[in-house]
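Subject: Handover of the model

Hi,

Here is the structure for you to take over. My notes on what turned up follow below.

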Amino acid sequence: MREQYRTKELHAEDLAPDPIEQFTRWFEEAAGNPEIHEPNAMVVSTATPDGRPSSRTVLLKHYDEAGFVFFTNYGSRKGGELAANPHVSLLFPWHPVARQVIVTGTAARTGRDETVAYFRTRPHGSQLGAWASAQSSVIDTREELLTRYEELHARYPEGEQVPVPPEWGGFRVTPETVEFWQGHENRLHDRLRYVRDGEGWSVERLSP
């Protein structure tokens, strides 16, 4: 179970001046590649204050110079861990093109206005789902979840505005490092990492 990657070399002089611009280049290429399903899917890794890690796949919903934004239930495992320990890692695994982007930084809650604005763009069923599920809590059966959903659907039928759950909202990850990984044959991969340097960024090459 091994594959030899044969791709174009990645050099520091080929990179954009800042990691967000470089991320945009790669993200647009990933989004335009039909072999990459959900290019905005990222592995979000958090940890408890004593260092016990956990990971899950979450969808990136927005990014800009301020950071990378995703939404979740604040009462979930990741929400609780980020409240106690804001250090976080994001991994975008674009396997068909032998690329990864790894972001490390700190997470903070988005403003309520931003959360509400995004919630209004979600499909009606997804809005109800945010209410129906107390994310990461233990439930007895799937039927319990479906019953709760149907009750909500009856209360807020299609076309009626669903209020935003108070425990639901966004996190913005402010990057401290952003690594661009390009796979090559013989494990001689390119790993170029932006590191925050005051108000700007420096770039360093890592051994594969």
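How many bridges join β8 to strand β9? There are 6, and the two strands run antiparallel. Strands pair here if DSSP finds at least two bridges between them.

First, the ground rules. This is a predicted model, so local features need pLDDT of at least 70 and side-chain atom pairs count only at pLDDT 80 or more, while totals for chains, interfaces and linings use all residues. Residues are numbered from 1 along each chain as its sequence is written, and side-chain values use heavy atoms, with hydrogens and water left out.

**Overall**

The chain has 5 helices and 9 strands. These are DSSP runs, numbered from the N terminus: helices are H or I with at least four residues, strands are E with at least two. Their order along the sequence is α-β-β-β-β-α-β-β-α-α-α-β-β-β. Along the principal axes, the C-alpha atoms fill a box of roughly 55 × 40 × 35 Å. Of the 208 residues, 40% are buried. Buried means under 20% relative accessible area, exposed means over 50%, and partly exposed is in between (1.4 Å probe, protein chains only). Take the contacts with a separation of 6 or more: 63% of them come from residues 24 or more positions apart. A contact means heavy atoms within 4.5 Å.

β8 covers residues 190-197 and pairs with β7 in the antiparallel sense, over 6 bridges. In that pairing, valine 178 stands opposite tyrosine 194 of β8. On to β9, residues 200-205. Here arginine 196 stands opposite tryptophan 201. β8 and β9 form a hairpin with 2 residues between them. Glycine 198 sits in the turn and has a positive phi of about 65 degrees.

Serine 202 belongs to β9. Its relative accessible area is 30%, so serine 202 is partly exposed. Beyond its neighbours within four places in sequence, serine 202 is in contact with Arg193, Tyr194, Val195 and Asp197. Proline 19 is 183 residues away from serine 202 in sequence, yet their C-alpha atoms are 9.8 Å apart.

**The largest pocket**

The largest pocket holds about 430 Å³ of space. For the method: on a 1 Å grid over the protein atoms alone, a pocket is an open set of points with protein on both sides within 12 Å along at least five of seven lines, where a 1.4 Å probe fits; lining residues have an atom within 4 Å of a point. Grid points are joined across faces, edges and corners, and the volume is the space filled by probe spheres set on the points.

The lining has 21 residues, and Val58, Phe71, Thr72, Lys78 and Gln135 are the closest to the centre. Elements giving two or more residues are β2 (53-59), β4 (67-73), α2 (77-84) and α4 (124-132). β2 gives the most, with 5 residues. By class, the lining splits into 6 nonpolar, 10 polar and 5 charged residues. Ala, Val, Leu, Ile, Met, Phe, Trp, Tyr, Cys and Pro count as nonpolar; Asp, Glu, Lys and Arg as charged; the others, Gly among them, as polar.

α2 buries Lys78, Gly79, Glu81 and Leu82. Seen down the axis, these fall within an arc of 165 degrees, so they line one face of the helix. The arc is that of the directions from the helix axis to the C-beta atoms. Their cover includes β1 (41-47), β2, β4, β5 (87-94), β6 (99-109) and β7 (168-182).

Asparagine 73 is in β4. It counts as buried, at 6% relative accessibility. Not counting residues up to four places away in sequence, asparagine 73 touches Gly79, Ser133, Ala134, Gln135, Glu167 and Trp168.

**Helix α3**

The buried residues of α3 are Thr115, Tyr118 and Phe119. They cover an arc of only 100 degrees around the axis, which puts them on the same side of α3. An α-helix has 3.6 residues a turn, so residues three or four places apart point the same way. The buried residues of α3 pack against β4, α4 and β7.

Phenylalanine 119 has a relative accessible area of 0%. Leaving aside neighbours within four places in sequence, its contacts are Gln127, Ala130, Val162, Pro163, Val164, Pro165 and Trp168.

Best wishes
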